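Visitor: I have not seen this one before. Please put it up and take me through it.

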Amino acid sequence: MEIKIANSAGFCFGVTRAVNTVYEAIASNDKDIYTFGPIIHNKEVVHDLETKGVRVIESLEEIPDHVDHAVIIIRSHGVSREVMDCLTNAGFQIIDATCPFVKKIHNIVAEYSEKGYHIVITGNPSHPEVIGIEGWMCTDRVTVVSTKEDVESLSFEPGTKVCMVSQTTFNLNKFKEFVEIVTEKGYDINVLNTICNATEERQQEARVLAASVDAMIVIGDKGSSNTQKLFEICKKECENTYYIQTSSEMDYSSMKSVSSVGITAGASTPNNIIEEVSKNVRKL
């Protein structure tokens, strides 16, 4: 059996930076450590951090009261300006592990909303990255679109200035399609492709790889947006595509009849899980 592993599979720069930030804080701090939201979308990593004493808080209501003895690390997906201001004003030691690519979008929407633009964000409205991005607006003139129908239903006053940005892990081809639809509506539009380069490369590589194999395995947390997009892309190219979080979820016996298998993984998937899946496939 031929096994092809995507070069881009596994941790991206932003995830590596965020996870390393937490482990470094554990090693250098005697204070209680919290992350505002799971540091990344991977239950295995979050669980390992919990075993080392790191606790996750999901809302401002859960903020600890021992300010002098707590460190709060901002998740890789970022948070709103309100959350950041609240934590800062409370006097906590804050370590910002927001992905720099996400931070760039915060600055963009703050700048363009202040200039009077209506911001259109392509992405999942319930994803923490998108919620955080919305939280850096200077006005309430923002619309989140995730489907073609959402984009087709957009309707602004004539002369409205529109700024389009994207969740960093959004499907590149969908973003291009959405931009084309908005452009045809005749608005004064400023498009800023904020899908990170690593996401673009991962998606393109997954598409080519899936088209060249008999079966495809996509590894990543079910709550990971970028992994979900990889699965969608691979499924279109290879009907025999599996989406798993860990090796134990894979029924390897189903692959005994195939001659080639491709493996890719989301940006929050640890290398040890990718290696374990690859090892088990090679045993067939």
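Guide: One term first: a residue is buried under 20% relative accessible area, exposed over 50%, and partly exposed in between, using a 1.4 Å probe and protein chains only. This is a predicted model, where local features need pLDDT of at least 70 and side-chain atom pairs count only at pLDDT 80 or more, while totals for chains, interfaces and linings use all residues. Residues are numbered from 1 along each chain as its sequence is written, and side-chain values use heavy atoms, with hydrogens and water left out.

Visitor: Fine. How many salt bridges are there in the whole structure?

Guide: The search finds eight. A salt bridge here is a side-chain nitrogen of Lys or Arg within 4 Å of a carboxyl oxygen of Asp or Glu.

Visitor: What does Lys-174 pair with?

Guide: Glu-232, with 4.0 Å from N to O. Lys-174 is in helix 7 and Glu-232 in helix 9, so the bridge ties together parts 58 residues apart in sequence. Helices (H or I, at least four residues) and strands (E, at least two) are DSSP runs, numbered from the N terminus.

Visitor: Which residue bridges to Lys-52?

Guide: Asp-48 does, at 3.1 Å between the closest N and O atoms. Lys-52 is partly exposed at 42% relative accessibility, and Asp-48 is partly exposed at 27%.

Visitor: Back to helix 9. Which of its residues are buried?

Guide: Ser-225, Asn-226, Thr-227, Lys-229, Leu-230, Ile-233 and Cys-234. Their cover, counted by contact (heavy atoms within 4.5 Å), includes helix 8, strand 10 (215–219), strand 11 (241–244) and strand 12 (260–265).

Visitor: How far apart are the end C-alpha atoms of helix 9?

Guide: They are 19 Å apart, which agrees with the 18 Å that its 13 residues should span. The expected span is 1.5 Å times one less than the number of residues.

Visitor: Same question for helix 4: what is its end-to-end C-alpha distance?

Guide: For helix 4, 15 residues should span 21 Å, and the end C-alpha atoms are 21 Å apart. Its buried residues include Val-102, Ile-105, His-106, Ile-108 and Val-109. Among the elements covering the buried residues of helix 4 are helix 3 (81–90), helix 5 and strand 6 (118–122). Just after helix 4, Gly-116 has a positive phi of about 95°.

Visitor: Switching topic. How much space lies in the largest pocket?

Guide: About 300 Å³. On a 1 Å grid over the protein atoms alone, a pocket is an open set of points with protein on both sides within 12 Å along at least five of seven lines, a cavity is a set where a 1.4 Å probe fits but cannot get out, and lining residues have an atom within 4 Å of a point. Points are joined across faces, edges and corners, and a volume is the space filled by probe spheres set on them.

Visitor: What lines the largest pocket?

Guide: There are 25 lining residues, with Cys-12, Val-15, Thr-168, Thr-169 and Ala-267 nearest the centre. Helix 1 (13–28), helix 4 (100–114), helix 8 (197–210) and helix 9 (225–237) each give two or more residues to the lining. By class, the lining has 10 nonpolar, 13 polar and two charged residues. Ala, Val, Leu, Ile, Met, Phe, Trp, Tyr, Cys and Pro count as nonpolar, Asp, Glu, Lys and Arg as charged, and the others, Gly among them, as polar.

Visitor: Which helix gives the most to the second largest pocket?

Guide: Helix 5 (residues 128–134), with three residues. That pocket holds about 170 Å³, and its lining includes Phe-36, Glu-58, Arg-75 and Pro-128.

Visitor: How many cavities of 30 Å³ or more turn up?

Guide: One. The largest cavity has a volume of about 40 Å³ and is lined by Thr-35, Pro-38, Ile-39, Val-46, Leu-49, Val-54 and Val-56. Six of the lining residues are nonpolar, one is polar and none is charged.
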